[in-house]
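Trainee: Could we go through this model together, one question at a time? I would like to see how each answer is reached.

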Amino acid sequence: MSASKLRLPTYSSLLQPNDSEDVNSPMSPTNQQLGDETNQRCDDYRCQCMEHLHTWHQGHGPLLDDLASLIASSRDRVFCHARISILQVEPKTGMFQVRMVCQWAFRTFSPKNDTEISYRGVPGIRVPGIEVDVLESRVWKDLESTKNNESCAQCGSPNSTRNSIFWRGTSIFVLRGYKRYWVRDFPFDRHVISLHQMDFVWRPSKDEATFYDTMKVVLLKVETTSVLSDWTPNTAVVSVDDGEVKTHDRSMPLAPDGSDHLNHTYASKFKIRLRIERVHGFFVRQIFVISTLIFLSSCSPLALPPKQDTMDTRLSVYSAGLLTLVAFKYGIMDHLPSVPYSTFTDDFLMWQICVIVVLIVECLVSFRCEVALMHIIDELENGLLLFLGVVWITWLLYISRWKPVMREPWCRIPLGDTDALDAAGQDLFRSYTSKNILTHSTGLDRKVNSVAAFKAMNAQ
């Protein structure tokens, strides 16, 4: 029993596809991975290369530390703090459901102290390929902050915010979608839930499906929590394509003179990846520990002498242990993922059943041996019992202690999306240039002329 056959936890084995796997399938580990998406790579099991990617902002230095002054120096720029809660994760059906609570803050010009926001609408999001339900979306004027800024303007401060209104808002969204879960390392698996391309827009009302303007988001911070006891969230990964980052319109002054260091670049389309990992404690106690105790109890007949008097006892214990392991495996089937490939837990249970079958065959072979060899066989069986006990107890300690901290690095986790919406969202007609269209039309004309000539030949 070598380490490679027992599927000991090395992520290098996942990077090499088997002959029976389709490397082009989203279920294959060679599919697009989170490290490819974020340009982050590391080979450490305790991957920390993505811990700082939960906030997107193009500013530098003290801007994030002094968020109030950053908001005060901007106009028509939105600051968003989102909290995403994991509500449902179903690897069997490939479904997930999350709740996203967004807190908004922005400042607008107010000629003649106009306080109405009807021309702007309410905040909203548009996520192609994911069902979005809007439970609440509204904005309101922060009177206290507006008054404080007006008093600051009366005292002649250079950072004047006169004739502006400070707004706050809140929105609650419920998002439902589907993805393929790669659970070969169950129950030590990690997953990346991709929310695809999320567009921040302004809608006339929360129930409207259409939008009339994009939202200029300067800062987006995402916090992730989970209401499920068997899933632990990690920090989210927020990214923006290079072509979606836009600079500030210099024709509209946002800050006083001499403050060019302020960076008010914004974006409207974001990619949010949620990282979750399974809580393993329940499965270690209820599956691995129990099955190991059953297996070691079934191996106890190795301590009996291989005589004819004990043959029936040994076979009965082996058979009872074999049936118990099979019944236990099918009894916990509801807690195991239903996938067409073998998982880490399946291999663990299957190896126990295979060893019991080998011991039954060994018992029958030893019964046919000569009497002179019984003493040697007895010594070998005692050593085999000690060897099996040490190996399986060591493996159990490894699973309970070291395996949880040696999971697959986050940058190696395959995204595993069922439908490649990012690729499908691209302009498919962009590849058809005028030259290609001309070549295609010329070939079509030749085919039409050939058909006409063939018909004329038949007519003659």
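**Strands, bridges and buried sites**

Mentor: Happy to, and let us start with strand E12 (residues 269–278): nine of its ten residues are buried, so the strand is largely enclosed by the rest of the structure. Buried here means under 20% relative accessible area, exposed means over 50%, and partly exposed is in between, with a 1.4 Å probe and protein chains only. Helices (H or I, at least four residues) and strands (E, at least two) are DSSP runs, numbered from the N terminus. Keep in mind that this is a predicted model, where local features need pLDDT of at least 70, side-chain atom pairs count only at pLDDT 80 or more, and totals for chains, interfaces and linings use all residues. Residues are numbered from 1 along each chain as its sequence is written, and side-chain values use heavy atoms, with hydrogens and water left out.

Trainee: In which sense do E7 and E12 pair, and which residue in E12 is the bridge partner of Met198?

Mentor: Two strands pair if DSSP finds at least two bridges between them. E7 and E12 have eight bridges, and the sense is antiparallel. Within E12, Met198 has as its bridge partner Phe270.

Trainee: What is the phi of His196, and is the residue buried or exposed?

Mentor: His196 has its place in strand E7. Its phi is near 55 degrees, a positive value in a residue other than glycine. Most residues other than glycine have a negative phi, and most peptide bonds are trans. With a relative accessibility of 5%, His196 counts as buried.

Trainee: Which residues does a cis peptide bond join?

Mentor: Look at the loop between strand E6 (164–178) and strand E7 (190–203), where Pro187 is found. The peptide bond there has an omega of about 5 degrees, and it joins Phe186 and Pro187.

Trainee: Which strands stand at the edges of the six-stranded open sheet?

Mentor: The order in this sheet is E1-E9-E2-E3-E6-E5, with mixed pairing. Strand E1 (55–57) and strand E5 (131–141) each have a single partner strand, so one side of each is left without a neighbour in the sheet. Neighbouring strands are turned by 10 degrees against each other on average, direction ignored, using axes that are lines fitted to C-alpha atoms, for helices over the stretch in contact, with angles from 0 to 180 degrees between N-to-C directions. The strands at the edges are E1 and E5.

Trainee: How many bridges join strand E3 to E6?

Mentor: Strand E3 covers residues 95–109 and runs antiparallel to E6. The number of bridges joining E3 to E6 is 15.

Trainee: How far is the sulfur of Cys102 from the closest cysteine sulfur?

Mentor: A disulfide is a pair of cysteine sulfur atoms within 2.5 Å, and a search of the whole structure finds zero. Cys102 is buried, with a relative accessible area of 0%. The closest cysteine sulfur is in Cys80, too far for a bond, at 4.1 Å.

Trainee: Which residue forms a salt bridge with Glu223?

Mentor: A salt bridge is a side-chain nitrogen of Lys or Arg within 4 Å of a carboxyl oxygen of Asp or Glu, and the whole structure has twelve. In this pair the closest N and O atoms are 3.7 Å apart, and the partner of Glu223 is Arg83. Glu223 lies in strand E9 (residues 217–226) and Arg83 in strand E2 (residues 78–90), so the pair ties together parts 140 residues apart in sequence. Glu223 is partly exposed at 30% relative accessible area, and its salt-bridge partner is Arg83.

Trainee: Which residues are linked with Asp133 in a network of salt bridges?

Mentor: Asp133 and Arg176 form a salt bridge, their closest N and O atoms being 2.3 Å apart. That pair links distant parts of the chain, with Arg176 in strand E6 and Asp133 in strand E5, 43 residues apart. In the network, Asp133 is linked with Arg176 and Glu131.
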